[in-house]
Each structure stands twice: as C-alpha cells, then as structure tokens.
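Colleague: I am new to this structure. Please walk me through the terms and what backs them.

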Amino acid sequence: MTSAKSVRVRAATEADRAAIVLLRETGFGMRYGPVELEEQGRLFPVERSLVAVDGDQVVGHTVDITMNVTVPGLQTVRACGVEGVAVAPTHRRRGILRALFTTQHARAAAEGLPLAILTASEATIYGRFGYETTIHDTVVRIDRRRAEFRATTPDPGGVTISTMEAAKSHLRQVYARWQQRTPGAQERPDAKWALLFADPDRNRDGATSLYVLLHADGYALYRRRYLDGRPTVVLWEMRAITTEAHAALWRVLLGMDLVDTVEATLAEDDPLPYLLTDPRAVTLTRRGDALWARVMDVPAALTARSYRHDLDAVVAVHDPFRDAGGTFALRVRDGIAACAPTSRTPDLTCDINVLGGLYFGAHRARDYARAHRISVTGPMVLDDFDAAFATERAPELGWFF
Ligand SMILES: CC(C)(COP(=O)(O)OP(=O)(O)OC[C@H]1O[C@@H](n2cnc3c(N)ncnc32)[C@H](O)[C@@H]1OP(=O)(O)O)[C@@H](O)C(=O)NCCC(=O)NCCS
C-alpha cells in the first residue's frame, strides 16, 4: 500500500485531462459520452482542477467554479461550487480527500468566496468539512387517473408543445427569470445549457429523449417510459414563474392520455397536492438532500442574505476544519444584517455546519436547538434567531452538478 506521504496535491494542467476523466469514471462507476466530455470540460475547466498525484499517477481530483446563487431576500451570493470529487479505489481512506479539500478551501477563501456548495454522493462525507444539507427535494409519484383538479384550481391554458430546438431561447429566458426569484437557484452557464439541449443517453435511464411544454411564464421538460410496467411521464424539469403557469403545466401533464403515473422531483413546498381533490394521489417516494453548503466567511455570508425578524445576538461559531469560526455580533434591522467579530459573551453557540444548514431557509434554528446543535443562554434569543433566519419559501436547486 502506498503511504499518503508519497501523494502530493497540485493544480492540474491540460496534460492531466485524460487521467482525470479516467479517475472520475472509475470513482462514479459510469462512462461519459463525447458531448458530456466536451461540455463538462467547458463547465468545469481543467485549470480549476486540483489533482492528487502518486508518482505520475492521478489518484485524486476535485474542481470548482464560482456560482452566482440567489439567497433569501433575492440578492446573489458568490459560491464556490465544488464538483468531481474522486479518489482512486487504490488510494482511498488515507487522507487524500482531506488534503485536496484543505488546498481547495484555502483557495476559495483567498478568492473571497463567502460560501461553498456541493451535491453529495453520500451523506456521511462532508459534515466533517463544515458542510450541512441546505436544500432538500422530494420525489413524488402521482396516480394520474386519480388526479382530479379542485374547482378552485385555475385552468388558464396557454401551454404549447415544442421541439427542443425551437424552445431553446424561451427556456433560457424563463429560467433566468425563475432563478432570480428562487433562493438556492444558480445562474446556469452556457455549457450546462448545451448539456441539457444535447440530452445525453446517460440521463435517460431507458426513457425517451425530452419532450417540451412551453408557457409564457414557464416550461416543463419530461420523458416517457415504462416504470413497474406502467406507462409513466418522468418530469425532468419544471420552471414556473407564476401560479397560473404552474397550474397550466400541471393540467397538461396530469391530463395526458395513455399515462398511468407521473413521477416528479419537487421543491419541499410545491403546492401541487393543494391543486387536487385527492391529496393521496400524490405519494412521496423519497425526500433527499439536493445541496450542501459550508459558510467560508461568517460576516460576508451572513450579511449577503436578508432576514425576516430583527435580531441582536452574539454567536459563537466552531469550525475545526478551517478555523473560520469565532465569536460574532449579529444585528438585524429591517431585514439587513451587520456582522462583525466581537469579544462579548455569546448568547448562542453552534458549529459552522448549522449556519450552512440555515442559510437558504431549509431548516429552522429551533429544530437544531431541539437536536442540541444550537445551545443558547435563554429562549428569547432562540425565538429571535429562529424568526430571523426563517424564510418565506423553501429553497430550490437550479441545476445539479
Ligand atoms: C468519497 C471519497 C472522495 C473519499 O476520499 P478519501 O481520500 O478516501 O477520503 P479521506 O481518506 O481523505 O477521508 C477524509 C475523512 O472522510 C471520511 N470519509 C471519506 N469517505 C467517506 C465515506 N464515503 N463515508 C464516510 N466517511 C468517509 C474518512 O473516514 C476521513 O475521516 P476523518 O478525517 O474524520 O478520519 C472517495 O471514497 C471516492 O472517490 N468515492 C467514490 C466517488 C464519490 O463518492 N465521490 C464523492 C462525490 S460527492
């Protein structure tokens, strides 16, 4: 077995590209097609990759790009979007991920990024690096034949079918409008659009290529397949800016002939069940974490979003991985926060993970307190803290990475 000492971390170069692809394919147990290779390379350029090398062998990899993400209050935060984390099965559990992350997070801090975000293959990996689940989604199955709309559900129409080619600019415009009003959603780069439009076979899992439904204020992309022997619509992505667009698109999806089941991934607070007379027509099949976040710079991150309640609290934050913690005075007036280091005695103590968990509004501070992950000097400060961080709606991930 090679010792960790023989492994070093360095910036990748063009010459590492093929080895990085091999490592990623081995780590994730899949093969990229040619379009994916090209667009993935454009999306996450090799100059942003860090590799761990053992002699001339690439045995570890991580990469990141800066993502502009909408936060509560609808401002934008610049986040370090981490992707492609893989260590060779020949070299696992000897500290290579830790070494890569140490370098990568020092770089993100030097670049002044207040937040780091990632999607996780396993929930047990990233907590130790200060990350916490920050956006959840739910997978539902809808028994289409039981799905009857309430009399109060609007039926505005206005939905058309389209080819992907003809829909491209409309999808981009709708997404941009939706992203700016949706906490958790990132701007979507050209290369990610190209990947969506190319619709690689690997995304299909035996289903058809994407069908397109358009509305002036929304769109739905879906596939058709047999699931457990039943004809099924699999909703791939719906973006609806208005409640009318949401209802209009769902009326088409749930009105489709020759379909028994509709499967969809929804935001936690999607109002779909409220549109129907029989809420049991919508069955929850999975609730999962869509995004993890780590606060990199407490004052910069906490002042980048807005708040729903005034607050005066001294917060002690523990960060064993990066030492970005400390004690901070957090003051909120009319939604706007000021945050600075202080020597005052803390009212409230937590690890840095909790701030990542609270950041987009997916969790409540009072629930962390019930789980002994926030400790407080008194209930008043917890009430204010909880009310300040609470958000109007559940966050939603814009695109998976
Ligand atoms: C996950 C992966 C990157 C870990 O790399 P690694 O070099 O073995 O990790 P390290 O040895 O640096 O481990 C760092 C810490 O994380 C822990 N850890 C690593 N992978 C873990 C896992 N899958 N589950 C639980 N803990 C894990 C280690 O025990 C270690 O803990 P400690 O520092 O508290 O003692 C690697 O196993 C891998 O490539 N897996 C397949 C691809 C994948 O899932 N990538 C992640 C994509 S989000």
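Modeller: Start with the record. UniProt, in an unreviewed entry, lists residues 7-156 as "domain: N-acetyltransferase". UniProt positions follow the numbering used here, feature names are shortened, and annotations may be inferred rather than shown by experiment. The model itself is predicted: local features need pLDDT of at least 70, side-chain atom pairs count only at pLDDT 80 or more, and totals for chains, interfaces and linings use all residues. Residues are numbered from 1 along each chain as its sequence is written, and side-chain values use heavy atoms, with hydrogens and water left out.

Colleague: What makes up the span of residues 7-156?

Modeller: The span is 25% helix and 35% strand, and its end C-alpha atoms lie 61 Å apart. Helices (H or I, at least four residues) and strands (E, at least two) are DSSP runs, numbered from the N terminus. The protein chain has 10 helices and 17 strands.

Colleague: Why is Thr-134 called buried?

Modeller: Buried means under 20% relative accessible area, exposed over 50%, partly exposed in between (1.4 Å probe, protein chains only). Thr-134 has 0% relative accessibility, so Thr-134 counts as buried. Thr-134 sits in strand β6 (residues 132-143). Buried residues make up 53% of the 401 residues in the protein chain.

Colleague: What makes the pair of Thr-134 and Gly-356 a polar contact?

Modeller: A polar contact is a pair of N or O atoms within 3.5 Å; within protein, one must be able to donate a hydrogen and the other to accept it, and residues adjacent in sequence count only if both atoms are side-chain atoms. A polar side-chain atom of Thr-134 lies 2.8 Å from the backbone oxygen of Gly-356.

Colleague: Which polar atoms lie 2.8 Å from the ligand?

Modeller: A polar backbone atom of Val-87 is 2.8 Å from a ligand oxygen. An N or O atom in the side chain of Glu-122 is 2.8 Å from a ligand nitrogen. For Thr-124, a polar side-chain atom lies 3.1 Å from a nitrogen of the ligand.
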